[in-house]
Amino acid sequence: MKITEKEFNVITGETTFTERDETAEETKARLDRAAKIEAEQAEANAKAAQRQALLTRLGITEEEARILLGGN
């Protein structure tokens, strides 16, 4: 993957852009972040499905559950 780096020279007011290849460490970090985000999203989706299944079993809405539990 290409990375574009921006550099601003405060003396001349010029902005330069340099394009370079991603290092192996940067690639690993990017892929690790993407995997973490994907795992967090899968966990959130599973929790939402469990919550909805419970509400369906109880025959109540999410708003009704909040009222029962004292939430606003």
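I looked up the contacts of Leu 55 first. Leaving out residues up to four places away in sequence, Leu 55 touches Ile 60, Thr 61, Glu 62 and Ala 65; contact means heavy atoms within 4.5 Å. The model is a predicted one, where local features need pLDDT of at least 70, side-chain atom pairs count only at pLDDT 80 or more, and totals for chains, interfaces and linings use all residues. Residues are numbered from 1 along each chain as its sequence is written, and side-chain values use heavy atoms, with hydrogens and water left out.

I then placed Leu 55 in helix 1, residues 24-58. Helices (H or I, at least four residues) and strands (E, at least two) are DSSP runs, numbered from the N terminus. Is Leu 55 buried or exposed? I noted it as buried, at a relative accessible area of 6%. Buried means under 20%, exposed over 50%, partly exposed in between (1.4 Å probe, protein chains only). I also checked Phe 17: its C-alpha lies 53 Å from that of Leu 55, and the two are 38 residues apart in sequence.

Next I turned to the strands. Strand 1 (residues 2-8) pairs with strand 2 (residues 15-21) in the antiparallel sense, over 7 bridges. Two strands pair if DSSP finds at least two bridges between them. I found Lys 2 opposite Asp 21 in strand 2. The two strands form a hairpin with 6 residues between them. In the turn, Gly 13 has a positive phi of about 80°.

Last, I looked up Ile 11. Ile 11 sits in the loop between strand 1 and strand 2. Ile 11 counts as exposed because its relative accessibility is 78%.
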